[in-house]
Amino acid sequence: MPDALKTLTSALLITLMSSVTNYVRAENVLYCQAEVATGLSNSSGYWKETNFSFKRFTIKFSDNYSTLEGLTYSPMVCKNPYGKIIPNRVFCVHDQGAHETFQYDKALRRFLFSAVKSTSYVEDRTDTDVMYGGTCQNF
C-alpha cells in the first residue's frame, strides 16, 4: 500500500474513532439506587402513608443535562433554574401525563424522584404516589 494511502487511511481511522468516542461521551448513563421510599396508598378506600421497596433505576441524561430518559414513557425536560447559586443541581419534569419530577445533584450524586400520579390521592382514586431518594453512580 502506498505511503499516501496509508496516511489517509490512518487519518480517517483516527477521525472515526474520535467521533465514536465523542458520541459515547455525549450521554451520561447512571445507575441509581433508592435508599428511602415512601408515599401514599389507597387501601380499601382509605389513604395511608406507606413505605415502598427500594427500586433501582438506570437513567440517561443528555450531554448538557437538558433531557432525562429511563423513568417515564417519554423524556423528561431538565433545567438548572438556580444557575451559579446551586450549580450542580438539575431539575427534571415529565411534561406529559402525571408530571413526575426528578432532582439530581451532580456533585453529591444524590437524587429525589417523585412519581406522583394524576389518578391518585388528589382525585381520590386508586393509584399510589411514591417518592424515592438515593444515590447514583456511573453505569
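What follows is a working chat about a predicted model of one protein chain.

Biologist: Before we get into residues, how many helices and strands does the chain have, and in what order do the elements run?

Modeller: In this predicted model, the secondary structure comes to 1 helix and 9 strands, and from the N terminus on the elements run α-β-β-β-β-β-β-β-β-β.

Biologist: How much of the protein chain counts as buried?

Modeller: Of its 139 residues, 27% count as buried. The chain exposes about 9400 Å², and carbon and sulfur atoms supply 56% of that area. As for the contacts with a separation of 6 or more, 43% of them are between residues 24 or more positions apart.

Biologist: Which strands does β9 pair with?

Modeller: Strand β1, residues 27-43, is joined to β9 by 10 bridges, and the two run antiparallel. Strand β8 is also antiparallel to β9, with 6 bridges between them.

Biologist: Which residues in β9 are the bridge partners of Ala37 and Leu112?

Modeller: Ala37 has Tyr132 as its bridge partner in β9, while the partner of Leu112 in β9 is Gly133.

Biologist: Switching to the inside, how many residues are in the largest nonpolar core, and which have the most contacts there?

Modeller: The largest nonpolar core has 23 residues, and those with the most contacts inside it are Ile59, Phe61, Leu68, Phe102 and Phe111. At least two residues of this core come from each of β1, β3 (56-62), β5 (76-79), β6 (89-93), β7 (101-105), β8 and β9. The largest share, 4 residues, is supplied by β1.

Biologist: Take Leu68 from that list; what is it in contact with?

Modeller: Leaving aside neighbours within four places in sequence, Leu68 is in contact with Ile59, Lys60, Phe61, Pro75, Met76, Cys78, Cys92 and Phe102.

Biologist: How many salt bridges does a search of the whole structure find?

Modeller: The search finds 4 salt bridges. One of them is formed by the side chains of Glu100 and Lys117, at 3.4 Å from N to O. That pair also links distant parts of the chain, with Glu100 in the loop between β6 and β7 and Lys117 in the loop between β8 and β9, 17 residues apart.

Biologist: And how accessible are Glu100 and Lys117?

Modeller: Glu100 counts as buried because its relative accessibility is 8%, under the 20% cut-off, whereas Lys117 counts as partly exposed at 32%.

Biologist: What about Ser118; where does that residue lie, and what does it touch?

Modeller: Ser118 lies in the loop between β8 (110-115) and β9 (129-138), and it is partly exposed, with a relative accessible area of 42%. Not counting residues up to four places away in sequence, Ser118 touches Ala98 and Glu123. Ala98 and Ser118 are 20 residues apart in sequence, yet 4.8 Å apart in space from C-alpha to C-alpha.

Biologist: Which residue does Glu123 form a salt bridge with?

Modeller: Glu123 forms a salt bridge with Arg125, where the closest N and O atoms are 2.9 Å apart. Glu123 is partly exposed at a relative accessible area of 41%, and Arg125 is partly exposed as well, at 43%.

Biologist: Last topic: where is Ser74, and is it buried or exposed?

Modeller: Ser74 is found in the loop between β4 (67-69) and β5. Ser74 is buried, because its relative accessible area is 15%, which is under 20%.

Biologist: What is Ser74 in contact with, and which side chain joins it in a polar contact?

Modeller: Apart from neighbours within four places in sequence, Ser74 is in contact with His94 and Gln96. The side chains of Ser74 and His94 are joined by a polar contact of 2.8 Å.

Technical notes:
Residues are numbered from 1 along each chain as its sequence is written. This is a predicted model: local features need pLDDT of at least 70, side-chain atom pairs count only at pLDDT 80 or more; totals for chains, interfaces and linings use all residues. Side-chain values use heavy atoms; hydrogens and water are left out. Buried means under 20% relative accessible area, exposed over 50%, partly exposed in between (1.4 Å probe, protein chains only). Contact means heavy atoms within 4.5 Å. Two strands pair if DSSP finds at least two bridges between them. A nonpolar core is a set of buried Ala, Val, Leu, Ile, Met, Phe, Trp, Tyr and Cys residues joined through side-chain atoms within 4.5 Å. Accessible areas come from the Shrake-Rupley method with a 1.4 Å probe; for residues, only the protein chains shown count as cover. A polar contact is a pair of N or O atoms within 3.5 Å; within protein, one must be able to donate a hydrogen and the other to accept it, and residues adjacent in sequence count only if both atoms are side-chain atoms.
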